[in-house]
Structures are given as C-alpha cells and as structure tokens.
Amino acid sequence: MTFVVTENCIKCKYMDCIEPCPVDCFYEGPEILVIDPDECIDCSVCVTTCPVNAIYQDTKLPEDQAVFLEINRKFSAIWPNAVQKCEALPDRDKWAEVAEKRQFLLEAQTCAAAAK
Ligand code: SF4
Ligand code: F3S
C-alpha cells in the first residue's frame, strides 16, 4: 500500500505534509507534491496535515482520482525530494476552491530547481 497525493494539491501545494513524514518520501513538482509509493510506510500521518484533503490511501482513492496513483509513482522518480517548504504559490487559497485542476499539472521545473 501507499498514500497518494491527488488533484486538490495542484496549484495549492501547502506543503504542510512534508515535515511530519517520518521517511521524507514527498517529491516536488511545480504545481504539486507526490509520494514515492516504494518509500511510503503507510503511516497515514500526512493525511490530516493537508488543508485541502489531497492525500488518500491507495485503497481508498476516489474513482476519479485513480490516475494520480501512476502520477505519484512516475514523478516521484523524476522530481527532487521535498525537504522544506518553498515560497507559497500565488492564489493557493483561491485554487483550493477549484476541483478540476489536473490540466495544470506541469512536468516543467520545480520551484526548488528554479531557486538554484
Ligand atoms: Fe509519509 Fe506516512 Fe504520508 Fe507515507 S503515509 S507519505 S510515510 S507521512
Ligand atoms: Fe499538497 Fe496538501 Fe501537501 S496541498 S503539498 S498534499 S499539504
């Protein structure tokens, strides 16, 4: 099993989930964090830290979020490890009200890489 970051995270990326994770298995893209399913130890600690309820256990993923299981696996192998909060995304509170955001999921640079 693993936990999965889903659509609600896109353009919000509050990053409150990073520090509580005991195994540092979050990875950071420009619009979203993802979880490495091979590193996640299924502790569930991160779930209640997310202000927009973006994190689900894979066995409890809503049907319309099933694609995020593969998104988490794919991009956690590419993106850098998320170890600290970076600058908050603009309008993240506004985006928290938007349900359909997957079209904004970019494969481009991460804010961590941009900061180098
Ligand atoms: Fe980290 Fe636990 Fe969340 Fe997995 S379930 S991402 S190990 S805090
Ligand atoms: Fe995303 Fe929630 Fe973490 S918005 S970055 S899963 S705290």
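Which residues are around ligand 1? They are Phe-3, Cys-21, Pro-22, Val-23, Cys-25, Phe-26, Ile-35, Cys-40, Ile-41, Cys-43, Ser-44 and Cys-46, where being around a ligand takes a heavy atom within 4 Å of it. Keep in mind that this is a predicted model, with local features needing pLDDT of at least 70 and side-chain atom pairs pLDDT 80 or more, while totals for chains, interfaces and linings use all residues. Residues are numbered from 1 along each chain as its sequence is written, ligands are numbered from 1 in the order written, and side-chain values use heavy atoms, with hydrogens and water left out.

**Ligand shells**
- Ligand 1's shell has 11 nonpolar residues, 1 polar and no charged ones (nonpolar: Ala, Val, Leu, Ile, Met, Phe, Trp, Tyr, Cys and Pro; charged: Asp, Glu, Lys and Arg; polar: the others, Gly among them).
- Around ligand 2 you'll find, among others, Cys-9, Lys-13, Asp-16 and Cys-50.
- That ligand 2 shell splits into 9 nonpolar, no polar and 2 charged residues.

**Aromatic pairs**
- The whole structure holds 2 aromatic pairs (Phe, Tyr or six-membered Trp rings with centres within 6.5 Å; planes under 30 degrees apart are stacked, over 60 edge-to-face, the rest tilted).
- Phe-75 and Trp-79 are stacked, because their ring centres are 4.6 Å apart and their planes at 20°.
- Trp-95 and Phe-104 go edge-to-face, because their centres are 5.1 Å apart and their planes at 65°.

**Burial**
- Phe-75 and Trp-79 are both buried (under 20% relative accessible area; exposed is over 50%, partly exposed in between, using a 1.4 Å probe and protein chains only).
- Trp-95 has 18% relative accessibility, so Trp-95 counts as buried.
- Phe-104 has 28%, so Phe-104 counts as partly exposed.
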